[in-house]
Amino acid sequence: MLILPTLLAAAFYAVATFLQWQILQGERKQPRKINQLLGWAGFACHTVAVYALLHQPQGIHLGFFAMGSLVSWLVVAIVLLSSIRQAIDNLFIGVFPIALLAALIAGIIPEESIARDYDGGLITHILLSVLAYSILTLAVLQAVLVSRQHSALKHHHTRGLVASLPPLQTMDRLLFEMIWSGLILLTAALISGFLFVDDLFAQHLIHKTVLSLIAWVLYATLICGRQFFGWRSHTATRWTIGGFILLAMAFFGSKLVLEWLL
């Protein structure tokens, strides 16, 4: 129930990544729908694998690798849905390999994390946190593309990757749409955490909360800097990556320490 869909998802993601790379290198021209269909096929198989991984007889399994696979699954879903109305296929080159590795690791390496039942409030908090992290993961990939595009245009390099990207203004607008969406979801996740998590200190979650709050401040500062000082390109990239690193430490760092090191 787990291995077969995992291997199929990895295969579809691998083929889609290879074809997208050839397109970026100018070695292949093909309709956009081919890679989208491959991505949807990988996503469908990944969905079966994630469901089998998370739903255990004892309850819901939210181990370190399981959460990694879930986050990558959500990132793929967001990119594929967004690609229907916007030409963001170049994000496939970063998203699909991440999903491939996350699915394979979660499907092959066993975890000792104990599955358990969660109440509705805590499930809400977990879902909001995963959604926020997923969208802000995409924002990092988008920020790197925007930064590279800006540098290439500044040096009059208009071939290869730059030629396949939408206009810089469109890319920049999409980046801040992602950051806005991620910040709203992160705000909701933090509020739900304070409402539904009983004792942050007893559950060793205080460091996770502090890191998430600092990340929230960084993203909010970036939004304000954009609004009042016109921050973009390299400046936006640095702030986006900084906030993402803090969230990664909060989201996965705490699970790594608690489940593998302690």
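The dialogue below goes through a few features in turn.

Analyst: This is a predicted model, in which local features need pLDDT of at least 70, side-chain atom pairs count only at pLDDT 80 or more, and totals for chains, interfaces and linings use all residues. Residues are numbered from 1 along each chain as its sequence is written, and side-chain values use heavy atoms, with hydrogens and water left out.

User: How many residues does helix H1 have, and what span does it reach?

Analyst: Helices are DSSP runs of H or I with at least four residues, numbered from the N terminus. The expected span is 1.5 Å times one less than the number of residues. Helix H1 (residues 3-24) has 22 residues and reaches 31 Å from first to last C-alpha, close to the expected 32 Å.

User: Which residues in H1 are buried?

Analyst: Buried means under 20% relative accessible area, exposed over 50%, and partly exposed in between, with a 1.4 Å probe and protein chains only. Among the buried residues of H1 are Pro5, Ala9, Tyr13, Ala16 and Gln20. An α-helix has 3.6 residues a turn, so residues three or four places apart point the same way.

User: Is Gln142 buried or exposed?

Analyst: Gln142 counts as buried because its relative accessibility is 1%. Its place is in helix H5 (residues 120-154). Contact means heavy atoms within 4.5 Å. Not counting residues up to four places away in sequence, Gln142 touches Leu91, Met171, Leu174, Leu175 and Met178.

User: What does Phe176 touch?

Analyst: Phe176 sits in helix H7 (residues 168-196) and is buried, at 5% relative accessibility. Leaving out residues up to four places away in sequence, its contacts are Leu222, Ile223, Arg226, Trp231 and Ala236. Phe176 and Ala236 are 60 residues apart along the chain, yet their C-alpha atoms are separated by 9.0 Å.

User: How do the axes of H3 and H4 cross?

Analyst: Axes are lines fitted to C-alpha atoms, for helices over the stretch in contact, and angles run from 0 to 180 degrees between N-to-C directions. The axes of H3 (residues 64-85) and H4 (residues 92-108) come within 8 Å and cross at roughly 150°. Angles under 35 degrees count as roughly parallel, over 145 as roughly antiparallel, 65 to 115 as roughly perpendicular and the rest as oblique. H3 and H4 are therefore roughly antiparallel.

User: Which residues meet there?

Analyst: Phe65, Val76 and Leu80 are among those in H3, and Phe92, Phe96 and Ile105 among those in H4.

Key
Helix = DSSP H or I, 4+ residues; strand = E, 2+ residues; numbered from the N terminus.
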